[in-house]
Amino acid sequence: MKGETKQVLSVSRRTDIPAFYMAWFMDQVARGVIDVINPFNRRVKQVAVSPDRVHTMVFWSKNFGPYLAGRYGERLQAMGYHLFFNFTVNSRSPILEPGVPALDERLGQLRQLCHRFGSASVQWRFDPICHFTTQAGAIENNLDDFETIAAAAGECGIGTCTTSFMDHYRKIERRTRDRLRFVEPSPTEQVNILLNMEKVLSPLGIGLALCCENKVLARLPAESTINAGACISGRRIMAVHGGKVSQRHDSGQRKTSGCGCSVSVDVGSYSLHPCHHNCLFCYANPSCDRRCHQ
């Protein structure tokens with residue numbers, strides 16, 4: 001029905017479906033429904049995914065290579081779906097992100113996404129910002145390639161970079177205890193890091209947005225243009241694709257911490273779809289954790 005509010009699918013915060021599970025996802029789209037497991041109570045509900053119910057599919061990935069090679073986006077567009085992309089491109093680091101492709105390859109994917117689907121539908125995430133102490137005792141971070149990535153994103157016409165500082169979970173400490181120790185920058189250091197990122201991005205026409213960082217956002221100087229972000233924004237999706245989606249806040253996300261995301265339905269599974277990037281800072285369920293507990 002014309003003017004009807006449709007759903008937004010998140011594909012997916014819980015794992016990297018574009019890199020590892022697109023064949024499974026396309027099978028579910030062909031079925032017209034996806035069985036989604038609630039990660040907290042393990043209940044299963046069916047989510048309708050036909051074009052008359054779904055407005056936009058928001059794909060999250062660190063490696064869109066398989067997605068682009070399979071022309072999955074074009075196939076989904078032909079079925080009547082709108083597309084939006086959250087592409088996490090961090091500095092090259094075989095220690096922190098051992099399973100992602102080389103940086104040059106990922107920047108090539110970024111260019112392809114923007115060329116094939118429009119830069120307005122692509123959001124770059126540099127996430128998370130990590131500081132860590134190596135066995136040698138030096139404190140390092142993953143900001144080395146930020147300017148290189150920013151320059152490529154600017155050339156592509158991308159208008160937003162979303163970032164946050166790493167969250168320290170116990171599972172991460174267990175995962176990394178024999179390799180390195182993550183450390184948290186002081187509040188002053190966090191502000192300075194963000195202001196330096198803003199200084200790099202501003203001449204490129206890229207705004208810096210923060211994901212779930214209310215505390216550091218409140219410490220920024222009044223003249224800063226850094227603002228709270230929304231990785232899934234109903235307002236932005238409608239600006240890009242028209243139609244009507246809900247702008248209501250997603251109650252399943254961390255609003256009190258500063259998450260500005262609009263409501264969506266996530267169709268990934270922590271248990272069924274472990275991520276093979278095996279990032280050391282991951283809050284979800286990388287396959288290395290599964291192997292460790294078998």
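Predicted model: local features only at pLDDT ≥ 70, side-chain atom pairs only at ≥ 80, totals over all residues.
Residues are numbered from 1 along each chain as its sequence is written, and side-chain values use heavy atoms, with hydrogens and water left out.

Helices and strands here are DSSP runs numbered from the N terminus (helices H or I, at least four residues; strands E, at least two). Axes are lines fitted to C-alpha atoms, for helices over the stretch in contact, and angles run from 0 to 180 degrees between N-to-C directions. Here are the helix pairs side by side.

| Helix pair | Angle | Axis separation |
|---|---|---|
| Helix 6 and helix 8 | about 35 degrees | 10 Å |
| Helix 5 and helix 6 | about 20 degrees | 10 Å |
| Helix 2 and helix 4 | about 10 degrees | 12 Å |

Let us start with helix 6 and helix 8. Phe-146, Glu-147 and Ala-150 of helix 6 touch Met-197, Val-200 and Leu-201 of helix 8, where contact means heavy atoms within 4.5 Å. By class, five of these residues are nonpolar, none polar and one charged; Ala, Val, Leu, Ile, Met, Phe, Trp, Tyr, Cys and Pro count as nonpolar, Asp, Glu, Lys and Arg as charged, and the others, Gly among them, as polar.

Helix 6 also packs with helix 5, and these two are roughly parallel to each other (angles under 35 degrees count as roughly parallel, over 145 as roughly antiparallel, 65 to 115 as roughly perpendicular and the rest as oblique). On the helix 5 side, Leu-103, Leu-107, Leu-110, Arg-111 and Cys-114 take part, meeting Thr-148, Ile-149, Ala-152, Ala-153 and Cys-156 of helix 6. Eight residues of this contact are nonpolar, one is polar and one is charged.

Helix 2 and helix 4 are likewise described as roughly parallel. Met-22, Ala-23, Phe-25, Met-26 and Val-29 of helix 2 face Tyr-72, Arg-75, Leu-76 and Met-79 of helix 4. In helix 4, the buried residues are Tyr-72, Gly-73, Glu-74 and Leu-76, with buried meaning under 20% relative accessible area, exposed over 50% and partly exposed in between (1.4 Å probe, protein chains only). They pack against helix 2, strand 4, helix 3, strand 5 and helix 5. After helix 4 comes Gly-80, with a positive phi near 110 degrees.

Beyond four places in sequence, the contacts of Trp-124 include Phe-146, Ile-149, Ala-150 and Leu-201.

Some backbone details are worth a look. A cis peptide bond links Val-11 and Ser-12, with omega about 0 degrees, and another runs from Asp-127 to Pro-128, with omega near -5 degrees. Pro-128 belongs to strand 6. Arg-71, though not a glycine, has a positive phi of about 50 degrees, and Asn-278, also not a glycine, has one of about 55 degrees. Arg-71 counts as partly exposed at 46% relative accessibility, whereas Asn-278 counts as buried at 14%.
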